Each structure stands twice: as C-alpha cells, then as structure tokens.
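User: I would like to learn how to read the packing and the charged residues in a model like this one. Can we go through the features one at a time?

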Amino acid sequence: MPARGRLVLVWLAACAGFDALLASLLDWPLERAVVLAPVVVAVLGAIGFLVVLWTRVALESLRTRHRG
C-alpha cells in the first residue's frame, strides 16, 4: 500500500476515534456524534482561535506597558 493510502487510513481511524470519544463524553448515540462532529470541530477551532488571539493581545499589551 502506498504511503498516501496508509495516511488516509490513519486519518480515518483518528476520525472514528474522535467520534467514539465524543459520543461517550456527551452520552450521545454514535450516529449523532458522527453527524455533529464537523460542528464540534468548528466550534473548538473558533474557541482555540479566540484563546490565541486574546493571549497575543494581552502579551502585546504587557510588552508595550513595560516599554513606556
């Protein structure tokens, strides 16, 4: 099997594991977790973006406060 095929299988296994973990954590049926997984990933990505953004804003504010 080529490397690309193995990579696809690894990602499919990771997605299936994520769906199983999501279903068990939220006490959902597996079908519901599979359908809502893209929404959960988008929400977690948005939360991560906001955390990084506000951390950078706070650090930049502290840097300019120490210089001035």
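This is a predicted model: local features need pLDDT of at least 70, side-chain atom pairs count only at pLDDT 80 or more; totals for chains, interfaces and linings use all residues.

User: Is Gly 5 buried, partly exposed or exposed?

Analyst: Gly 5 has a relative accessible area of 23%, so it counts as partly exposed. Its C-alpha atom is 26 Å from that of Glu 31, a residue 26 places away in sequence.

User: How is the packing of two helices described?

Analyst: Two numbers are used for a packed pair: the angle between the axes and the distance between them. Here helix 1 covers residues 3-26 and helix 2 covers residues 30-67. Their axes come within 9 Å and cross at roughly 105 degrees.

User: Which word goes with the arrangement of helix 1 and helix 2?

Analyst: An angle of 65 to 115 degrees counts as roughly perpendicular. Helix 1 and helix 2 are therefore roughly perpendicular to each other.

User: Which residues of helix 1 and helix 2 meet?

Analyst: From helix 1 the residues are Phe 18, Asp 19, Ala 20, Leu 22 and Ala 23. From helix 2 they are Leu 30, Ala 33, Val 34, Ala 37, Val 40 and Val 41. Sorted by class, this contact has ten nonpolar residues, one charged residue and no polar ones.

User: Asp 19 is in that list. Is Asp 19 buried or exposed, and how far away is the nearest side chain of opposite charge?

Analyst: Asp 19, in helix 1, is buried and has no salt bridge. The nearest side chain of opposite charge is that of Arg 32, 12 Å away. For a salt bridge, the nitrogen and the carboxyl oxygen have to be within 4 Å. Apart from neighbours within four places in sequence, Asp 19 is in contact with Leu 30, Ala 33, Val 34 and Ala 37.

User: How many salt bridges does the structure hold, and which residues form a salt bridge?

Analyst: The structure holds one salt bridge. Arg 63 forms it with Glu 60, and their closest N and O atoms are 3.2 Å apart. The two residues are three apart in helix 2, which means that about one helical turn separates them.

User: Where do Arg 63 and Glu 60 stand in terms of accessibility?

Analyst: Arg 63 counts as partly exposed because its relative accessibility is 45%. Glu 60, at 39%, also counts as partly exposed.

User: What about the backbone of Asp 27?

Analyst: The angle to read is phi. Asp 27 has a positive phi, about 55 degrees, although it is not a glycine.

User: One more residue, please: where is Leu 12 found, and is Leu 12 buried or exposed?

Analyst: Leu 12 is found in helix 1. A residue counts as exposed when its relative accessible area is over 50%. Leu 12 has 53%, so it is exposed. Leu 12 and Pro 2 are ten residues apart in sequence, and their C-alpha atoms are 16 Å apart in space.

Definitions and conventions: Residues are numbered from 1 along each chain as its sequence is written. Side-chain values use heavy atoms; hydrogens and water are left out. Axes are lines fitted to C-alpha atoms, for helices over the stretch in contact, and angles run from 0 to 180 degrees between N-to-C directions. Helices (H or I, at least four residues) and strands (E, at least two) are DSSP runs, numbered from the N terminus. Angles under 35 degrees count as roughly parallel, over 145 as roughly antiparallel, 65 to 115 as roughly perpendicular and the rest as oblique. Contact means heavy atoms within 4.5 Å. Ala, Val, Leu, Ile, Met, Phe, Trp, Tyr, Cys and Pro count as nonpolar, Asp, Glu, Lys and Arg as charged, and the others, Gly among them, as polar. Buried means under 20% relative accessible area, exposed over 50%, partly exposed in between (1.4 Å probe, protein chains only). Lys and Arg count as positive and Asp and Glu as negative; His and the chain ends are not counted.
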